[in-house]
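Welcome! Try each task before reading its solution.

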Amino acid sequence: MVPIPVTVLTGFLGAGKTTLLNRVLSERGGANTAVIVNEYGELGIDGQLVTETAEAVVELNNGCLCCAVRGDLIETLGALVADGRRFDRVIIETSGLADPAPVIQSFILDDTLRASFALDAIVTVVDARHLSLQIEHDEAREQIAFADVILLNKTDLEPPDSLDAAERRIRLLNPLSRIHRTRDCAVPLASVLDIRAFDLKNLLRLDPDLLGDHEHEHAEDIGCVAIQFDGAISADAVNRWLNRLMQDRGRDLLRLKGILHIEGESRRFVFHGVHMTLDGRPGRPWLAGEERTNQVVLIGRDLDAEVLRAGFTSCLAEAALHAAE
Ligand SMILES: Nc1nc2c(ncn2[C@@H]2O[C@H](COP(=O)(O)OP(=O)(O)OP(=O)(O)O)[C@@H](O)[C@H]2O)c(=O)[nH]1
């Protein structure tokens, strides 16, 4: 049997992995593509934002692929082939805090995976605006170091000399990868799919311990808060609260994302934050009968779940009205 090519999409929190995944799915068409999305927060917001064209989308949300749900990854891939359905490719979007080494290891050391799948490439998305903050994290450095292809993304947010400096920093960690500068991860698909770029020999030169015991431990001070609540939100109140939050806690807030039920809006409102950058827009319409639940995930240092929950619920249209009285 010809092994099924696997693309691993990695990159630090908010770099643009889901943006790239959706681009690939909408340009290539998702038929015969299996997608595995791994998210750090248990609400599975990414899974909800993936273009619905893929043949199978599996969400693994109870931890990182590199540690807590690594067994689940092996099981999921095993189930995909056992099903007898023929997939042309598998795309795995790792969480932004994943160390790619254990994921790579699974494809080399696990007999079932080795028989049925072949790693095609590790594609790492790098956030040009936040590289200098993110590179402090071991995971961000590992993601860059293990990449076969790097998208230096969000080029619209930085001037050319800053992009040159970012590229030099990337080269120090990974002299061999191909680097593409992108906005919204716009890259020819031929540069990221079916490129047969994965090369174990190179990686072993970089990390001779790659196939050894790779227990990955996340920094203890980084945590995740997931908040879910019903009710219509006041657009003004949530705008003020999010901007204040980003201003006060922007350095510690590595990632913020959510889906909101905004008062008087027939579409879901989707927002994303990375440190002090905040971006939001209406998403797809709420479906008939769909519960209009607000879902927010925050990842960062020293987050106080109670304070954050109180902040978001104070934006409920009803609460905001009382506050204004
Ligand atoms: N300005 C700008 N924003 C971008 C670009 N690419 C992606 N974004 C935005 O960055 C935010 C995060 O993008 P995602 O694709 O969700 O990032 P991610 O890496 O999947 O995030 P996590 O899975 O949470 O780690 C979204 O608001 C995107 O629209 C870009 O090139 N320029």
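## Exercise 1: A strand and its cover

Task: Find out how many buried residues there are in strand β11 (residues 277-285).

Solution: Start by remembering that this is a predicted model. A residue is buried if 20 or more other C-beta atoms lie within 10 Å of its own. Go through the 9 residues of β11 with that cut-off, and the count of buried residues comes to 0, leaving the strand hardly covered.

## Exercise 2: The partner of β11

Task: Describe how strand β10 (residues 267-274) is joined to β11.

Solution: First, look at the direction: β10 and β11 run antiparallel, and 7 bridges join them.

## Exercise 3: The annotated region

Task: Work out what the chain is like over residues 222-316.

Solution: Begin with the record: an unreviewed UniProt entry annotates residues 222-316 as "domain: CobW C-terminal". Then turn to the model, where this stretch is 25% helix and 45% strand. Its end C-alpha atoms are 28 Å apart.

## Exercise 4: The largest nonpolar core

Task: Identify the residues with the most contacts inside the largest nonpolar core.

Solution: The core has 79 residues, and Val90 and Val126 have the most contacts inside it. Its largest share, 7 residues, comes from strand β5 (residues 117-127). Domain 1 (4-206) and domain 2 (222-324) each supply at least three residues to this core. Now zoom in on Val126: leaving aside neighbours within four places in sequence, its contacts include Gly11, Ala15, Leu131, Ile144 and Ile170.

Conventions
Residues are numbered from 1 along each chain as its sequence is written. This is a predicted model: local features need pLDDT of at least 70, side-chain atom pairs count only at pLDDT 80 or more; totals for chains, interfaces and linings use all residues. A nonpolar core is a set of buried Ala, Val, Leu, Ile, Met, Phe, Trp, Tyr and Cys residues joined through C-beta atoms within 7 Å. A residue is buried if 20 or more other C-beta atoms lie within 10 Å of its own, exposed if 12 or fewer, and partly exposed in between; C-beta atoms are placed from the backbone. Helices (H or I, at least four residues) and strands (E, at least two) are DSSP runs, numbered from the N terminus. Domain bounds come from an automatic or database domain assignment. Two residues are in contact if their C-beta atoms, placed from the backbone, lie within 7 Å. Two strands pair if DSSP finds at least two bridges between them. UniProt positions are given in the numbering used here, feature names are shortened, and annotations may be inferred rather than shown by experiment.
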